[in-house]
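Here is a short briefing to read alongside the structure.

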Amino acid sequence: MATRQGSRGGAGILAVVLGVTALSLAVTGESAEVMVYSARAHYGQEPAMEAFTKKTGIAVKSFGGESGPLFERLKAEGDKTPADVLITVDAGNLWNAARAGLLGRVDSPEIQANIPAHLRDPESRWVGLTVRARTIMYNTSKVKPEELSTYEALGDPRWKGRLCLRSSTHIYNQSLLATMIKRYGEAKTESIVKGWVANSPILIQGDTKVLEAVAAGQCDVALTNTYYLGRILAKDATFPVAPFWANQQTTGTHVNISGAGVTTHARNRAEAIKLIEFLTSPEAQQMFADANFEYPANPQAAVNPLMAKWGKFKQDDTNVAAAGEFQAAATKLADRAGYR
Amino acid sequence: MAIGPAARVLPRWPAGPSLWTGLAVGITAVLAVPIAAVVSSLAVPSGDVWLHLWRTQLLELVGQTLLLLAGVGAGTLVVGGGLAWLVVHHRFPGRGVLEWALILPLAVPAYVIGFAFIGLFEYSGPLQGELRRWLGPGARLPEIRSYAGVVVMMTLVFYPYVYLLARVAFREQGAASVETARMLGRSRGVAFLRITVPMARPALVAGVALAMMEALADFGTVASFGYRTLTEAIYRVWYGMFDRLAATQLASVLLLFAAGLLLLERHSRGRARFTQSARRGAVVEPVRLAGWRAGGATGACVGVFALAFLLPVGQLAWWAITAIRAGQVAPDFTALLWRTCALAGATAAVACLLAVLLAYAGRLHGTATVRVAAQLASMGYALPGAVIAVGVLLPLAWADHALVPSLERALGRPLGLLLTGSAAGLVLAYVVRFLAVGLQTVDVSLGKIPPSLDDAARVLGARAGSALRRVHLPLIRGGLLTAVVLVFVETMKEMPATLLLRPFGFNTLAVEIWERTAESMWQEAAVPALTLVAVGLLPVVLLIRLTSSRG
């Protein structure tokens, strides 16, 4: 039988236990969040992030900005940064952040199983979330696919005055050239680029604008990322441009990524890893790919039906880190070759 | 009304010089920190980027930049000055509306005009499409992505600076001097060239200098037109070679250009000073135009207005309608609007207060120290936004890392970062970037007040501060208001510094636009962009109403 005193003591203990539980709940409630610095802007991300929050109860906060300045902010904040995860487009940006010591190593068997080796950092500091293929685009009423084969072959004189390119200064082209340098060496890459330049390409800023120029007949072939075409086709199914998968008989089509890494000074490291593991899962991958017509980095995930029509293609399996390693070399090479 | 070069303003309030000089130097010291952070990069040796640039393109970049400056300077002078002269000195159909309509393009961000312009005039655009449909597949317009295209485009974006300042200057000249010239047997044309233009020179030069500094700092337009300048190279080196240091060093070269521009501006302004008497003379009697002259005048104004305002805003409206029809819900802009306006308002207030203090210090004591201080403080306007932003970020982060740990120990709890990513840091960046706009405008107004008024105030026993408050400020009200509105609208449109330095979860309209245009989703960006233009129009319209009633 409990004495009066005993019940009072019990109530006290209960109160303490409740208090501690409430407190720890409050604390976990506070820390159950991830802060993401994202250079991938907003598009298409909310569904995957919301699904993560729904599944785990971990809130995702996001802070968007341009990759160059965002890198500077992360670096300047140092060990006081509130950022747990960095998401950027282009492997070069992730490579650069890793080189500066801003991203920490994450050994997650789940991530390694989800994403093929050439789409993640050999030292496990970042990983690809979506695949962005940059390939040949052609006007379907003026060019037969049989006339096309490789990136190199766009230097063939038959394309003189018929080629549109985005300016070399854009990071997507720099990454394309950087990967080529890794694959073929500087000399051969330079001769390929000089071949393009000899065809007096029409330079247009913006992949969407390049595709519009191909459709309008200003040129007949071009190089762009495929999701720009996906976006246009989703609105206008009669748009007269189709992709041709370059270099299928040889090295494969050039791919880049948008990807993520966990920051070195992440306060919510466990949650951050959980987020990236989720984002590489087939479930989230499909949301990513669907939202922007990009290819999922995880081969298990289904591609958007609109893109399924373009068929399967062989990716260049050069590790995308080359985009960073040879970025500066690519910029200089373009300058030397007269590709502006 | 204004009669020839006035006597220099001599130091009149001997008790105050150290105070006002100290104030000017103090203001500049704070504003120069980010600029110093940029210049200090020169002390760090950087790799072979310079060698590469020198070998492949540095001379070309400098040449192209100078060409661009010359083109934009001439373009804005002719268009801005010409239109101001038309609307002040002439009467023609539609003048009443056009006079203020021509100011409206101020509210449209350059990136929006540039995008609409290219979209309309490029090969795959609707204009050339129609042309090919009617005249056959060979028909085409001159390439829009060219030197001429960039100059026309930037002239359309930046002419309002010259127009605004020149319009006020022409109007304040009054009729007396032109009539005197006419009485002495000079034709209207000669009177214009020999009297009207020289007397408006300070305003014209100030406006052109602003336009040229904008052109120097611009990245968005030159990038989308594929025109290579130093600023374009800064971004190429920074984003393309991951070499922020070399990029910052290139930005220091840009500062040399800016210093050159400011010196040129001072030089051409410094020798001649024209003041207005406190008593306003007769207002200019405008020439009534008729026939083809009237048509030409109306046509010129309508043409510029259509290209610089109707075209881009029409394009935005079209996209916005398409986006809303496609079921895209316009997000709730209330919070964004409020933040955008709060930031722009705070910046306008701070920048214009500092501008008045600096300009007045210069008036009281035209010493080398004060002049150099004012110019140093203006340099930020010629730097690309992202470079200024990093220049602000680095000192703030440094201060945070130096101060916060001891504060945390004292308070016993973690504080995180206090200055980095604070609204105050962002306002500092805006002020560094846009002080020149306020300073130029205020300085021109202040320069028109005859020194005899300072003397009178002094004789009557007023101290320097109270003379500023009771004599000068009321007289420069119009110029000050112009300055406030210009800084406000510029701040609203600013993108790169806002992106980098804003506090978490603190998005503005410009950030909202970026989040869509970064991946070239222009249609989706139309609704926030249109909102930005609409909000920018309010202060511009206010300015028009207030400055018109003064005429």
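In chain B, Ala374(B), Ala377(B) and Ser378(B) of helix H15(B) meet Leu435(B), Ala436(B) and Leu439(B) of helix H17(B); contact requires C-beta atoms, placed from the backbone, within 7 Å. This is a predicted model, where local features need pLDDT of at least 70, side-chain atom pairs count only at pLDDT 80 or more, and totals for chains, interfaces and linings use all residues. Residues are numbered from 1 along each chain as its sequence is written, while chains are lettered from A and ligands numbered from 1 in the order in which they are written.

**Helix pair in chain B**
- The contact of H15(B) with H17(B) holds five nonpolar residues, one polar and no charged (Ala, Val, Leu, Ile, Met, Phe, Trp, Tyr, Cys and Pro count as nonpolar, Asp, Glu, Lys and Arg as charged, the others, Gly among them, as polar).
- The axes of H15 (residues 368-378) and H17 (residues 423-447) of chain B come within 7 Å and cross at roughly 130°, with axes fitted to C-alpha atoms over the stretch in contact and angles running from 0 to 180 degrees between N-to-C directions.
- H15(B) and H17(B) are therefore oblique to each other (angles under 35 degrees count as roughly parallel, over 145 as roughly antiparallel, 65 to 115 as roughly perpendicular and the rest as oblique).

**Domain pair in chain A**
- The domain assignment of chain A, automatic or from a database, gives domain 1 (34-131 + 256-302) and domain 2 (133-254 + 314-337).
- Across the boundary, 17 residues of domain 1 of chain A are in contact with 17 residues of domain 2 of chain A.

Technical notes. Two residues are in contact if their C-beta atoms, placed from the backbone, lie within 7 Å. Helices (H or I, at least four residues) and strands (E, at least two) are DSSP runs, numbered from the N terminus.
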